[in-house]
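This briefing is meant for a reader who meets the structure for the first time. Please keep the view at hand while going through the points below.

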Amino acid sequence: MSAKGKRQIPIVCPGHTRPLAELQFTQITDPAEEPGNNPRTFLVSACHDKMPMMRDGATGDWIGTWKGHKGAVWSCRLDTNAY
C-alpha cells in the first residue's frame with residue numbers, strides 16, 4: 001500500500017474522551033528506597049480532551065489528572081529529578 005493510502009488510527013486510552021497526542025514512560029527510583037529495589041514506572045498521556053493523566057506503568061492504575069488546560073495537550077514529559 002502506498003504512503004498516500006495509509007490511514008492513521010487514533011490511540012484511545014481508558015479515562016480519556018478524545019484521542020491521545022502522546023504517551024511517555026519514565027522510570028523513577030525512590031531515593032529513600034534501599035539500593036537494588038526496582039524503579040517505579042509511570043505513564044503520562046497527553047490528550048486532545050485537555051486533561052493529561054498519570055498512571056502506574058506496571059498496573060495501569062490511575063494516579064492523577066491535570067485539569068485546567070484551555071486546549072488540547074499535545075506533549076508531555078516527566079522530569080525524573082522532580083521525584
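In this predicted model, the largest nonpolar core is made of seven residues, namely Ile-28, Phe-42, Val-44, Ala-46, Met-54, Val-73 and Cys-76. Strand β2 gives the largest share of this core, with three residues. As a general background, nonpolar side chains in soluble globular proteins tend to be buried together.

**The core and its surroundings**

- Val-44, one of the seven core residues, is in contact with Glu-22, Leu-23, Gln-24, Met-53, Met-54, Trp-66, Cys-76 and Leu-78, when its neighbours within four places in sequence are left aside.
- Among these contacts of Val-44 are Met-54 and Cys-76, which are themselves listed as members of the core.
- Met-54, another core residue, has Gly-64 in strand β4 as its bridge partner.
- Phe-42, also a core residue, has its bridge partner in β3, where that partner is Asp-56.

**The chain as a whole**

- The secondary structure of the chain consists of four strands and zero helices, and the pattern read along the sequence is β-β-β-β.
- The chain has 83 residues, of which 24% are buried.
- Of the contacts in the chain with a separation of 6 or more, 43% are accounted for by residues 24 or more positions apart.

**The sheet**

- The four strands form an open sheet in the order β1-β2-β3-β4, and their pairing is antiparallel.
- The edges of the sheet are held by β1 (20-28) and β4 (62-65), each of which has a single partner strand, so one side of each is left without a neighbour in the sheet.
- On average, neighbouring strands of this sheet are turned by 20 degrees against each other, with direction ignored.
- The antiparallel pairing of β2 and β3 runs over four bridges, while that of β3 and β4 runs over three bridges.
- In general, the strands of a sheet pair through backbone hydrogen bonds, in either a parallel or an antiparallel manner.

**The salt bridge and Asp-56**

- A search of the whole structure finds one salt bridge, in which the side chains of Arg-40 and Asp-56 meet at 3.4 Å, N to O.
- Are the two partners buried or exposed? Arg-40 counts as partly exposed because its relative accessibility is 40%, whereas Asp-56 counts as buried because its relative accessibility is 11%, and the cut-off for buried is under 20%.
- Not counting residues up to four places away in sequence, Asp-56 touches Arg-40, Thr-41, Asp-61 and Ile-63.

**Thr-41 in strand β2**

- Thr-41, which lies in strand β2, is partly exposed, with a relative accessible area of 22%.
- Leaving aside its neighbours within four places in sequence, Thr-41 is in contact with Phe-25, Thr-26, Gln-27, Arg-55, Asp-56, Gly-57 and Ala-58.
- One of these contacts, Phe-25, is 16 residues from Thr-41 in sequence, and the two C-alpha atoms are 6.8 Å apart in space.

**Loops and backbone angles**

- Thr-29 lies in the loop between β1 and β2 and counts as partly exposed, at 48% relative accessibility.
- The C-alpha atom of Thr-29 is separated by 9.9 Å from that of Asn-81, although the two residues are 52 residues apart along the chain.
- For comparison, most residues other than glycine have a negative phi.
- Lys-50 is also partly exposed, with a relative accessible area of 38%.
- The hairpin of β3 and β4 has five residues between the strands, and Gly-60 in this hairpin takes a positive phi near 85 degrees.

Notes. Residues are numbered from 1 along each chain as its sequence is written. This is a predicted model: local features need pLDDT of at least 70, side-chain atom pairs count only at pLDDT 80 or more; totals for chains, interfaces and linings use all residues. Side-chain values use heavy atoms; hydrogens and water are left out. A salt bridge is a side-chain nitrogen of Lys or Arg within 4 Å of a carboxyl oxygen of Asp or Glu. Buried means under 20% relative accessible area, exposed over 50%, partly exposed in between (1.4 Å probe, protein chains only). Two strands pair if DSSP finds at least two bridges between them. Helices (H or I, at least four residues) and strands (E, at least two) are DSSP runs, numbered from the N terminus. Axes are lines fitted to C-alpha atoms, for helices over the stretch in contact, and angles run from 0 to 180 degrees between N-to-C directions. Contact means heavy atoms within 4.5 Å. A nonpolar core is a set of buried Ala, Val, Leu, Ile, Met, Phe, Trp, Tyr and Cys residues joined through side-chain atoms within 4.5 Å.
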